[in-house]
Amino acid sequence: MMRRAADWAWKALIVLACVAYQYLVHASVTGAQGGALRAVVVWLPLVAFAGWVVVWARNKAMWLAGLFVAGVFIYLSENQERRGPVAVTGISHATAYLFLLWCFGRTLAPGAEPMVTRIARRVHTVLSPDMERFTRQVTIAWCVFFAAQLMGSALLFEFASLEIWSAFVNLLNLPLLGIMFAGQWVYRNVRHPGFPRASTRQAIEAFTKDASLSNSSRLR
């Protein structure tokens, strides 16, 4: 019981930290924050992503070169136009959703197994034909969501105010993800109540393991 409570406490702290960071980024974009805090907001995502590249990425040189270019662009934006938070927000949001769209979308190609199907198979081992169809539909739904995020960000950046665009990519990012997960959960329980279930932790572990094995197989 205590262990379960501790797990929930850690999850709550992680969510609160993410929400707080997104708010600080929004405040920096709109000019409400500055100084050292602004610098942390600007450079923290790039440093974190560099750490991921060093540990997990296959083509480290290519990724690091891209990070260097992004860092130069952000530095010039921050020092000449004072738009560092805008640059890092746009780059981070677009990169994350393009990467997810690529990861999920490529598994919908003929002969490939959809991403959510692969994750479900790693958790449950054996899937019924109905479960395979459902997980394919979920994979398509996530691809539509990722594409909608990218299109929404681009359209708001071009035609709306900076405040509205920042609210979409920062303040609404996590709530929209939460709505997507909730919608998936509701649809599954209403249409397929008999399907086996997996916890969020099991799904994340399966996705991470699948990504690690995919990278290892490419290196052989």
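# Notebook: aromatic pairs, cores and salt bridges

**Entry 1. Aromatic pairs.** I searched the whole structure, which is a predicted model, and the search gave 10 aromatic pairs. I looked up W142 and F145 and noted that their ring centres are 5.6 Å apart and their planes stand at 85 degrees, so I wrote this pair down as edge-to-face. The cut-off for that label is an angle over 60 degrees. Both residues sit in helix 6, three residues apart, which is about one turn of the helix. Are W142 and F145 buried or exposed? I found W142 to be buried, and F145 is buried too.

I then took a second pair, F157 and W165. Their ring centres are 5.1 Å apart with 70 degrees between the planes, and this pair is also edge-to-face. I checked the accessibility of each partner. F157 has 48% relative accessibility and so counts as partly exposed. W165 has 3% and therefore counts as buried. The limit I used for buried is under 20% relative accessible area.

Which residues make up the aromatic cluster that includes W142 and F145? I listed Y97, F104, W142, F145, F146 and F181 as one cluster.

**Entry 2. The nonpolar cores.** I moved on to the largest nonpolar core, which has 18 residues. Within this core, F104, W142, F145 and F146 touch the most other members. I asked which elements give two or more residues to the core. They are helix 4 (84-105), helix 5 (115-124) and helix 6 (129-159). Helix 6 gives the largest share, eight residues.

I also found a second, separate core of six residues, with V25, V29, V86 and F168 among them. As background, I wrote down that nonpolar side chains in soluble globular proteins tend to be buried together.

I went back to F145 and looked up its contacts, leaving out neighbours within four places in sequence. What remains is contact with Y97, L176, L177 and M180. Y97 is also a member of the aromatic cluster with F145.

**Entry 3. Helix 5.** I read along helix 5 for buried residues and found M115, V116, T117, R118, I119 and A120. Just after this helix, T125 has a positive phi of about 70 degrees.

**Entry 4. Salt bridges.** How many salt bridges does the structure hold? I found three. The general point I noted is that side chains of opposite charge can pair when their charged atoms come close.

The bridge between R121 and E113 has its closest N and O atoms 2.7 Å apart. R121 is at 27% relative accessibility, so I marked R121 as partly exposed. E113 is at 29%, so E113 is partly exposed as well.

R121 also forms a salt bridge with E132, at 3.1 Å from N to O. This pair links distant parts of the chain, with R121 in helix 5 and E132 in helix 6, 11 residues apart. The relative accessible area of E132 is 32%, so I put E132 down as partly exposed.

The remaining entry in my list is D130 with R133, where the closest N and O atoms are 2.1 Å apart. Both lie in helix 6, three residues apart, about one turn of the helix. D130 has 40% relative accessibility and therefore counts as partly exposed. Finally, I traced shared partners and found E113, R121 and E132 joined into one network of salt bridges.

**Entry 5. A surface patch.** I looked for nonpolar residues on the surface and found a patch formed by W10, L13 and L16. Together they have about 380 Å² of accessible area. W10 belongs to helix 1 (residues 2-29). Why does W10 count as exposed? Its relative accessibility is 59%, and the label needs over 50%.

**Entry 6. The whole protein.** I left the totals for last. The secondary structure comes to nine helices and zero strands. Of the 220 residues in the protein, 29% are buried. I then took the contacts with a separation of 6 or more, and 65% of them are between residues 24 or more positions apart. The protein exposes about 13,700 Å², and carbon and sulfur atoms supply 69% of that area.

Methods
Residues are numbered from 1 along each chain as its sequence is written. This is a predicted model: local features need pLDDT of at least 70, side-chain atom pairs count only at pLDDT 80 or more; totals for chains, interfaces and linings use all residues. Side-chain values use heavy atoms; hydrogens and water are left out. A nonpolar core is a set of buried Ala, Val, Leu, Ile, Met, Phe, Trp, Tyr and Cys residues joined through side-chain atoms within 4.5 Å. Buried means under 20% relative accessible area, exposed over 50%, partly exposed in between (1.4 Å probe, protein chains only). Helices (H or I, at least four residues) and strands (E, at least two) are DSSP runs, numbered from the N terminus. Contact means heavy atoms within 4.5 Å. Patches are made of residues with over 30% relative accessible area and no salt bridge: like charges are joined within 9 Å, nonpolar side chains (Val, Leu, Ile, Met, Phe, Trp, Tyr) within 5 Å. Accessible areas come from the Shrake-Rupley method with a 1.4 Å probe; for residues, only the protein chains shown count as cover. A salt bridge is a side-chain nitrogen of Lys or Arg within 4 Å of a carboxyl oxygen of Asp or Glu. Rings of Phe, Tyr and Trp (its six-membered ring) pair if their centres lie within 6.5 Å; planes under 30 degrees apart count as stacked, over 60 as edge-to-face and the rest as tilted.
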